[in-house]
Amino acid sequence: SYPAMATEDSLSHWRNGVGAYNAGDVQRAIQEFKSAKPSKGVLFNLGVSTAKVGDNQNAIRHFDEVLQLDPSLGVAYLTRGACKHHARMFEQALLDYDLAMRCLSSEAPAIDYSAEGLQFEMNQVDLLFNRALALKELARIPEAASDIAAARSLLDNRTMNRQPALDKLAAQLASMQNGGRAPSGGAHPQPSQVCAPLDC
């Protein structure tokens, strides 16, 4: 359903889409990306853009297509997992967070995607946080608490700003472990995900 076109024309649509997204016109960005040749980067941007407007089902489909082209792209598993999370598909979100985690290693506990045109770093702290959020929704509280403890132990200079969200979720889990409900008041923590398009 994507029109065939010259590479230069496709690149122009990609650039226009990134510009529109960054200017806050996400619907126009989606149209521009749909007019570009469906490369890994364009499909990734369609996933990010459709997720931004709350169309999680189409976002998941776009990330499926990205991962068919590049099954090693950890950030696509992370962001597809967050879309499934928002769609309340918590078991499937967990699977995606685990697949993203497998793209990391003890030698490389974070992946910086800036060389690929994406200003985003995927790290174990965020993935453990996302896992804990999904586990909490599935009432698997001890596992969620274990993930939060692991995430706290991995905090460093680059991830220290995650501490308030980790502390808030830890407090909710402690209350739930003691037979109570998650404390009310304030916004519930949301999963970490990519909120910027991949530049060409």
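Reader: Which residues are buried in α7?

Author: Keep in mind that this is a predicted model. In α7 the buried ones are Val 125, Asp 126, Leu 127, Leu 128, Phe 129, Asn 130, Arg 131, Ala 132, Leu 133, Ala 134, Leu 135 and Lys 136.

Reader: How do you know what the span of α7 is close to?

Author: Helix α7 runs over residues 124-137, and from its first C-alpha to its last it reaches 20 Å. The expected value, at 1.5 Å a residue, is 20 Å, and the helix comes out close to that.

Reader: What makes contact with the backbone nitrogen of Val 125 at the start of α7?

Author: That would be a side-chain oxygen of Asn 123, which reaches to within 3.0 Å of that nitrogen.

Reader: Where does Arg 88 lie, and what is its phi?

Author: Arg 88 sits in the loop between α5 and α6. Its phi is positive too, about 65 degrees, and Arg 88 is not a glycine. With a relative accessible area of 58%, Arg 88 is exposed.

Reader: Let's switch to Ser 49. How do you know whether Ser 49 is buried or exposed?

Author: Buried means under 20% relative accessible area. Ser 49 has 0% relative accessibility, so it counts as buried. This serine is found in helix α3, residues 40-52.

Reader: What is Ser 49 in contact with, leaving aside neighbours within four places in sequence?

Author: Its contacts are Tyr 21, Val 26, Ala 29, Ile 30 and Phe 33. Val 26, Ala 29, Ile 30 and Phe 33 are also among the buried residues of helix α2, along with Glu 32.

Reader: Why say that the buried residues of α2 line one face of the helix?

Author: Looking down the axis of α2, its buried residues fall within an arc of 165 degrees, so they line one face. What covers them includes α1 and α3.

Technical notes:
Residues are numbered from 1 along each chain as its sequence is written. This is a predicted model: local features need pLDDT of at least 70, side-chain atom pairs count only at pLDDT 80 or more; totals for chains, interfaces and linings use all residues. Side-chain values use heavy atoms; hydrogens and water are left out. Helices (H or I, at least four residues) and strands (E, at least two) are DSSP runs, numbered from the N terminus. Buried means under 20% relative accessible area, exposed over 50%, partly exposed in between (1.4 Å probe, protein chains only). Contact means heavy atoms within 4.5 Å. The arc is that of the directions from the helix axis to the C-beta atoms. The expected span of a helix is 1.5 Å times one less than its number of residues. A polar contact is a pair of N or O atoms within 3.5 Å; within protein, one must be able to donate a hydrogen and the other to accept it, and residues adjacent in sequence count only if both atoms are side-chain atoms.
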